Amino acid sequence: MYQIEELPDLKVAWHESYKCLNEPLLEYVWEVANHFLPDYEDVSAAPAIFANRYAERNLSIEERYERTQEMKTFKGTLEEYKKREYRKLDDSFKEKFLTNEDLQNTIEAYKLDVSKFWYLLLFVYDFIEDIGTNAPALNKSVLEDFSYFHTNLSEATSITLKKNNKKSYVVEREDTIRIIQAALQHFVNTYSDIIHSEQDRETMIKQLKDIGLEGFIGNDLSSKISFTDKFSLDISYKKWKFTDMFLFFIERRKATTIPNKKVKVSKDKMMLVSRLIYTVGYDGKRYNEEYDSEGNKNRMLSNLLRRYKNEKFPSVIANNYNVVS
C-alpha cells in the first residue's frame with residue numbers, strides 16, 4: 001500500500017496563510033486554492049484554514065480550545081468556544097483512496113505525488129462540504145451582489161467613488177487599497193462568526209448593529225438574511241463543483257506510460273475525477289468502473305456536466321473558508 005507523508009501542524013492563522021507557502025505537502029492545495037478561493041495579493045487564506053482543520057480533526061473540543069489559545073486565534077472562554085458550530089474534517093476514505101489500484105495507477109501515470117494529491121483531495125472535499133452541508137442561507141440577489149463586489153475588490157488596483165453619479169474620489173495608492181481589502185475581510189469574518197453562532201436572533205441582530213448594520217436590519221437586510229435556515233447542496237451540484245476544481249488542476253498535465261506495468265492504466269482525465277468522486281462517497285462503484293457490463297465507456301460524469309452546461313452554480317456561503325461562492 002502507498003504511504004502518505006503526514007502534514008505537520010503548522011499552527012498558522014488564516015490571515016498569515018503565506019507562512020505555509022513553503023510547505024511542500026500543500027503545493028497542490030495552493031494551486032487550486034489560489035484559483036478558486038483567492039484572497040488579496042493572490043495569497044489564499046484557504047490553505048492555512050485547511051491545515052488547521054486537518055490538525056484539529058482528531059482533537060477533543062478541549063484540545064482544540066487549548067490550541068486556539070496557543071495560537072491566539074480565539075479570545076473567549078472554553079464555554080463560549082463550545083457554543084461554536086463545528087464540522088470535523090472527514091478523512092475516513094483514506095484507505096479507500098490508497099487501495100484503489102486503478103486510481104493509484106492513474107495518479108502515477110500523471111506523475112503526481114500521492115501525498116500532495118491526497119491533501120488536495122481532502123481540501124477539495126472539505127471545501128465542498130463546507131459550502132454544501134448545513135450552510136447558512138442568504139437571499140440570492142444579496143449574496144450575488146456581495147460576492148461580485150468582494151471578488152472585484154480583492155483584485156482592485158484602484159477604487160472610484162461617485163456622488164450623484166459623478167466621480168468624487170479615486171484611490172490608487174496600493175497601501176490604502178490593502179487597508180480597505182483587509183477591513184472588508186475582517187468584516188466578513190466577524191459577520192460569519194455572528195451568524196454561525198448558536199445565539200438567539202435578538203442577540204445576533206444586536207451584534208450586527210455593533211458592526212455597522214443598524215441602518216439596514218430593520219428594513220431590507222433582515223428579511224434577506226436567515227439566522228436559522230440551512231440548506232444542503234444536491235449531490236449532483238457537489239459532483240459538479242468537485243469536477244470543476246479537479247479538472248482545473250489536471251487540465252495542463254499529461255499522463256505517460258508507466259514502465260513495467262502489466263495492466264492497462266487509464267489516462268482519461270474524466271475517469272480520474274470520476275474515481276475520486278467514488279472515493280469520497282459522492283457516488284457508487286459505477287463511477288469507479290471505466291466500462292459498463294456491455295463494454296461501453298463510462299460517460300456518467302460527462303453526461304452529468306452536460307445537464308448543467310447552461311446553468312449557473314447556486315450561490316453559496318462557506319462556514320469555515322471565509323468565502324462566498
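This is a predicted model: local features need pLDDT of at least 70, side-chain atom pairs count only at pLDDT 80 or more; totals for chains, interfaces and linings use all residues.
1. Start with what Glu108 touches: beyond its neighbours within four places in sequence, it is in contact (heavy atoms within 4.5 Å) with Tyr2, Ile258 and Lys261. The C-alpha atoms of Glu108 and Thr256 sit 8.7 Å apart, although 148 residues separate the two along the chain.

2. Glu108 belongs to helix α6, residues 101-109; helices here are DSSP runs of H or I, at least four residues, numbered from the N terminus.

3. Residues are numbered from 1 along each chain as its sequence is written, and side-chain values use heavy atoms, leaving out hydrogens and water.

4. On confidence, the chain averages a pLDDT (the predictor's confidence in each residue, from 0 to 100) of 83, and 84% of the residues score at least 70. Residues 218-224 are below 50, and that stretch has nine contacts in the model beyond near neighbours in sequence.

5. Now the helix pair: Ala46, Phe50, Arg53 and Tyr54 in α2 meet Tyr119, Leu122, Phe123 and Asp126 in α7. The residues of this contact divide into six nonpolar, no polar and two charged (Ala, Val, Leu, Ile, Met, Phe, Trp, Tyr, Cys and Pro count as nonpolar, Asp, Glu, Lys and Arg as charged, the others, Gly among them, as polar).

Key: Helices (H or I, at least four residues) and strands (E, at least two) are DSSP runs, numbered from the N terminus.
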